[in-house]
Amino acid sequence: MTVEIKKIGVFTSGGDSPGMNAAIRSVVRTCAYMKIDCMGIYRGYQGMIEGDFKPMDARSVNNIINKGGTILKSARSLEFQTKEGRKKAYDQLQSAGIDGLVVIGGDGSFTGALIFHKEYNVPIIGIPGTIDNDIFGTTYTLGFDTALNTVVEVIDKIRDTASSHNRLFFVEVMGRDVGHIALNAGVGAGAEEILIPEENLGLERLLESLKRSKASGKSSSIVVVAEGDKTGKNVFELKEYVEEHLPIYDCRVSVLGHMQRGGSPSCFDRVLASRMGVKAVEALLEGKSSLMVGIQDNKITLTPISKAIKGHTKIDKELMRVSDIMTV
Ligand code: ATP
């Protein structure tokens, strides 16, 4: 059953990522262009339950394309995971006249969206906003490119001090389940070794590589470690292990943490967000639902949310080979 859409609600949910504001702007302006109403829903599903809504017109999103975070705020809502919570959310949407939703978020937010659609048949389209790039059905998620640029810039700075003191730095980056940030930023920043969750090359190989690196005359070394790497040691334990087995190295640790999620979005993320927002509204107006907007082969695509949340992204093997060759 399709319903005629007159008012779209847009919200951000789960962890924030750069580019979310650009996506909100795009959804709001596309609604204005199509002459339908748009309502901003604050604090994700929790705000939906509480009816924390505000009408948005084209001018309400002036000067946000360049801002990190999300003007609509984000939240994690336990209440939405209950039937009673979702009923409250539905009642709030009904009384506000919202008949279609655009959710900007990650896996969890999409899972909630799917359940909600099944229960209440509210059409809903997802835009993948997360720096981890771990959502199936899109080559890039919103925020990934910005996060890479942030990480590379910081590693460049760390390398300045590493080479001044002949030090080895272990730099921990985000990525509990996937190593996309570590691999891409590692290659971009010229890291000597990159440790990711998808691959366990073992500690011996790390020591060998570092020995080779020293012997070849390198004055500094950077090892990029994804949070979820498979060595079985956290970044501090790795440092201790290497210091113990390779005393020639003076080691330091830098954990980048939440700085990776902040900052002004890159041009790539702003353009991607603009394209995705338009597609999300168009899809709703075409009577579609439960789909996620993505980008594949530089084309904007739609993938069933059910597939997006079940599928797994794959690490780029070619890039892993490039990384190996670069550290000769
Ligand atoms: P990130 O990738 O940054 O973690 P996310 O969208 O995966 O983003 P979650 O905290 O997992 O973030 O989910 C966001 C919200 O989605 C939750 O707080 C909850 O309100 C809703 N949600 C998640 N899983 C479910 C579920 N099984 N049923 C209903 N709602 C859910």
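Biologist: How many cavities of 30 Å³ or more does the structure hold?
Modeller: This is a predicted model, where local features need pLDDT of at least 70 and side-chain atom pairs count only at pLDDT 80 or more, while totals for chains, interfaces and linings use all residues. Residues are numbered from 1 along each chain as its sequence is written, and side-chain values use heavy atoms, with hydrogens and water left out. A cavity is a set of points, on a 1 Å grid over the protein atoms alone, where a 1.4 Å probe fits but cannot get out. The number of cavities of 30 Å³ or more is one.

Biologist: What volume does the largest cavity have?
Modeller: Its lining (residues with an atom within 4 Å of a point) includes Glu193, Ile194, Asp229 and Lys230. By class, that lining has four nonpolar, two polar and four charged residues. The volume of the largest cavity is about 60 Å³.

Biologist: Now for the pocket! How much space lies in the largest pocket?
Modeller: A pocket is an open set of points with protein on both sides within 12 Å along at least five of seven lines. The largest pocket is lined by 42 residues, and among those nearest its centre are Arg76 and Asp134. Its lining divides into twelve nonpolar, 16 polar and 14 charged residues. The space in the largest pocket is about 1000 Å³.

Biologist: How far is an oxygen atom of the ligand from an N or O atom in the side chain of Ser109?
Modeller: Let's look at the polar contacts (pairs of N or O atoms within 3.5 Å). A backbone N or O atom of Gly15 lies 3.0 Å from a ligand oxygen, and a polar backbone atom of Gly108 is 2.8 Å from a ligand oxygen. For the side chain of Ser109, the distance is 2.5 Å.

How values were computed. Polar contact = N/O pair within 3.5 Å; in protein donor to acceptor, adjacent residues only side chain to side chain. Points joined across faces, edges and corners; volume = space filled by probe spheres on them. Nonpolar A, V, L, I, M, F, W, Y, C, P; charged D, E, K, R; others polar.
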